[in-house]
Each structure stands twice: as structure tokens, then as C-alpha cells.
Amino acid sequence: MSRQNQQLDFARVSRASLSMRDQMIAYLQNIIDQAEAQAPYGQNPSLWMPPQALDFWCNNKVQRAVQALPVQRRISWAPGSLRADQIVSGRQSYINALLIYTRGLVSAPCGMRCHTVHSNRPFSQCVRLPGYWDGCCANCKWCDWASYCPVRDAVNSGARQDLPGVQAQIEENAAPNARVIAIEDAPGDTEEDPIDLDPEDGSQENPYELD
Ligand SMILES: [Zn+2]
Ligand SMILES: [Zn+2]
């Protein structure tokens, strides 16, 4: 009896010793792994990211302004090229790249990190957000190659370009052969059922307390 209790206690201590960061990584990596496992053959995995999913890591005015823009697309990545520990690290280039990819405009491959229409790394498409981070594409931003991305906004152009309306962006973004990739029986299947990357503090999914 006492031995059993000791084992239970040990198990509890082991769980408690997982840091908040490790728990976040495990939670996110599980979502990423599921998406990769369930991607249709020959297609890149994708996930719908709720608008506030990156809120925890958005620390400056520009990031918050971009986060407030409408989400245009699911994140779609080459299998194995996107890891939870990268996102949870909060590295600015990763967070900004995710913001660009979800809010920006699909562009012709920039030629630096993107060479094809649909199979780049980590993100499938070359996407840029004119007026933000010099219009650098998400894949160049991801690895801090921003200054090399050839599709950047003209240097010293001054004023930010106005973004086209949502409908115009959707029309511009829709590739001729585009189709919605549905992940069956998984959270995040639709925009109405997003994956909750930001569960409420203290819930079963999010036992951490943020101050
Ligand atoms: Zn690119
Ligand atoms: Zn680029």
C-alpha cells in the first residue's frame, strides 16, 4: 500500500516537473504530428490557426496590428519542416513568419527561399504581407533571410501600401487548382471549429497560470 502510494507520488512529481514550456511544446507538437499523419497522400499538412493563437508571443505594436488583420489561409507546411519547439521558442522570425503566412497575399515564388508554387519550406507557398516587415515573404522571414527576399517592398518607399479588401485578397489567393484540405475527425477541421491553441488558463488543456 505504501509502496503504491510512493509510486503515485512519484508519478505526480514527474508530471509536475515538466516545465510549462515543455507542456506547450508537447501539446503543439501533438497537433502538428496529427496534421502530418492525416494529410492526404501527396499533399502538405495544414492547420487552421485561430486569430489569437499567437497572442502569447506577440509583444510589439506591429505584431498586434498584423494579428488583428483577418486570417486568410490555413498554415500549410512541408512535413517535418515545422516544429512545436520553434513556435514555443517565441523567436521573432518564427512568429512574424506565421503572421505573414496567415494574413498575407500569395505571391509568385520569391526565388530566394521559395522556388515552386506549392512545395517550399517550411511553408508551402510564397506569401508576403505588403507594408509589414518590408514585405518580406514568410519563408525568408522564418529563417531571418528578410534582407535577401527579392519580393520585398521597394526600399525607402515610405508609406505602407493599403491592403486590398478581404474579398479581393481571397480572389487573388485562390490558385486555379485550389481546393480545401479537410482533416477528418480532428479539431481545427473548419473555421467554425478551430484548434484551440490558446485554451483558457487553468483548464485541463492549459494547466499553466500566466501572469
Ligand atoms: Zn518566398
Ligand atoms: Zn522570400
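**View 1. Arg113 and the ring of Trp145.** Arg113 lies over the face of Trp145, 5.3 Å from the ring centre. A charge is taken to sit over a ring if NZ of Lys or CZ of Arg is within 6 Å of the ring centre and within 35 degrees of the ring normal. The model shown here and in the other views is predicted: local features need pLDDT of at least 70 and side-chain atom pairs count only at pLDDT 80 or more, while totals for chains, interfaces and linings use all residues. Residues are numbered from 1 along each chain as its sequence is written, chains are lettered from A and ligands numbered from 1 in the order in which they are written, and side-chain values use heavy atoms, with hydrogens and water left out. Another arginine, Arg73, lies over the face of Tyr101, with 5.9 Å to the ring centre.

**View 2. The site of the zinc ion (ligand 1).** Donors are N, O and S atoms within 2.8 Å of the metal (3.2 Å for Na, K and Ca); water is not among the atoms, so sites may look incomplete. For comparison, the ideal angle for four tetrahedral donors is 109.5 degrees.

**View 3. Cys110 between the two zinc ions.** A distance of 3.1 Å separates the zinc ion (ligand 1) from the zinc ion (ligand 2), and Cys110 coordinates both. The pair of Cys110, in the loop between strand 3 and strand 4, and Cys137, in the loop between strand 4 and helix 6, links distant parts of the chain, 27 residues apart. Helices (H or I, at least four residues) and strands (E, at least two) are DSSP runs, numbered from the N terminus. Cys110 is buried, with a relative accessible area of 8%, and Cys137 is buried as well, at 0%. Buried means under 20% relative accessible area, exposed over 50%, and partly exposed in between (1.4 Å probe, protein chains only).

View 4. Cys140 and Cys149 are both buried.

**View 5. Aromatic pairs.** Six aromatic pairs are counted. One of them is Phe123 with Trp142, edge-to-face, with 5.5 Å centre to centre and 85° between the planes. Phe123 lies in the loop between strand 3 (105-106) and strand 4 (127-128) and Trp142 in helix 6 (residues 138-142), so the pair ties together parts that are 19 residues apart in sequence. Phe123 is buried at 0% relative accessible area, and Trp142 is buried at 5%. Trp145 and Tyr148 also form an edge-to-face pair, at 6.4 Å centre to centre and 80° between the planes. Here Trp145 is partly exposed at 33% relative accessibility, and Tyr148 is exposed at 54%. Rings of Phe, Tyr and Trp (its six-membered ring) pair if their centres lie within 6.5 Å; planes under 30 degrees apart count as stacked, over 60 as edge-to-face and the rest as tilted. Tyr94, Tyr101, Phe123 and Trp142 form one aromatic cluster.

**View 6. The nonpolar cores.** The largest nonpolar core has 35 residues, and Leu54, Ile75 and Leu98 have the most contacts inside it. Two or more residues of this core come from each of helix 2 (20-38), helix 4 (84-88), helix 5 (92-103) and helix 6. Helix 5 gives the largest share, seven residues. A second, separate core has eight residues, including Cys110, Cys126, Cys136 and Cys149. A core is a set of buried Ala, Val, Leu, Ile, Met, Phe, Trp, Tyr and Cys residues joined through side-chain atoms within 4.5 Å.

View 7. Leaving out residues up to four places away in sequence, Leu54 touches Met49, Gln67, Ile87, Ile95, Leu98 and Leu99. Contact means heavy atoms within 4.5 Å. Ala39 is found in the loop between helix 2 and strand 1 (46-47) and is buried, with a relative accessible area of 18%. With residues up to four places away again not counted, Ala39 touches Asn44 and Pro45. The C-alpha atoms of Ala39 and Pro79 are separated by 9.3 Å, and these residues are 40 residues apart along the chain.
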